[in-house]
Amino acid sequence: MEQRALENFLIFYPKQSWVDIDDVNPNLLKAVVSMEDGKFFIHKGIDWKELKTSLRLNKRRGRSVRGGSTITMQLSKNLFLSTSKSVLRKGKEFLITLRVEKELSKKTILENYVNIIEWGDGIFGIDKAASIYFDKDPKDLTAIESSKLAAVIPSPLRHDPSAGSRYVNRRSSIIRGRINDIQLFPDEAK
């Protein structure tokens, strides 16, 4: 938020309100996990296989076409680091990610993630996003609305979840096909 405020020459941070994860529709949580980090509940912060695949593909294409960051890595970056692409920043992100995974539960990590990420220009957190795009509280989002919100996470400044663009509709459809495969917080069920 600080970086975005500086980029837009704002004197203040955009307004944000926090929502308890239990007050967020589970479909939104599943949509986010399915699109951003399908192995979120399995890995310990870094999905080495996914990272390796991304590096290989990006090297082959000669540019960054696929990310390998997990939800925990993105949270670590968003909370403590800038969006710079330097090796030093990435190294710090790895160390912070390992510490975050050691100290916080998956539920807490996901709660923080949906409350701090940017869903549109200056729209930080799921409470504000649900309100602006669908005039609802996060707990009242439908599966379709949830999947549309998750669809824009990779490029929230380019896509509006409520606009019905081809990009959002296509990604939203993919997400809805994956939602049933996600079991939220499987370790807590035991």
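Ala-150 is buried (under 20% relative accessible area, with a 1.4 Å probe and protein chains only), its relative accessible area being 0%. The structure is a predicted model, in which local features need pLDDT of at least 70, side-chain atom pairs count only at pLDDT 80 or more, and totals for chains, interfaces and linings use all residues. Residues are numbered from 1 along each chain as its sequence is written, and side-chain values use heavy atoms, with hydrogens and water left out.

Ala-150 belongs to helix H8, where helices are DSSP runs (H or I) of at least four residues, numbered from the N terminus. Apart from neighbours within four places in sequence, Ala-150 is in contact with Ala-31, Val-32, Met-35, Trp-119 and Ile-175, contact meaning heavy atoms within 4.5 Å. Between Ala-150 and Pro-161, which are 11 residues apart in sequence, the C-alpha to C-alpha separation is 8.3 Å.

Helix H2 (residues 26-36) packs against H8 (residues 143-151) at an angle of about 35 degrees, and the axes are 8 Å apart. Axes are lines fitted to C-alpha atoms over the stretch in contact, with angles running from 0 to 180 degrees between N-to-C directions. The contact is formed by Asn-27, Leu-28, Ala-31, Val-32 and Met-35 of H2 together with Ala-143, Ser-146, Ser-147, Leu-149 and Ala-150 of H8.

Helix H2 is largely enclosed by the rest of the structure, because eight of its 11 residues are buried. Among these buried residues are Leu-29, Val-33 and Glu-36. At the start of H2, the backbone nitrogen of Asn-27 has a side-chain oxygen of Asn-25 within 2.7 Å.

Notes. Helices (H or I, at least four residues) and strands (E, at least two) are DSSP runs, numbered from the N terminus. Buried means under 20% relative accessible area, exposed over 50%, partly exposed in between (1.4 Å probe, protein chains only). A polar contact is a pair of N or O atoms within 3.5 Å; within protein, one must be able to donate a hydrogen and the other to accept it, and residues adjacent in sequence count only if both atoms are side-chain atoms.
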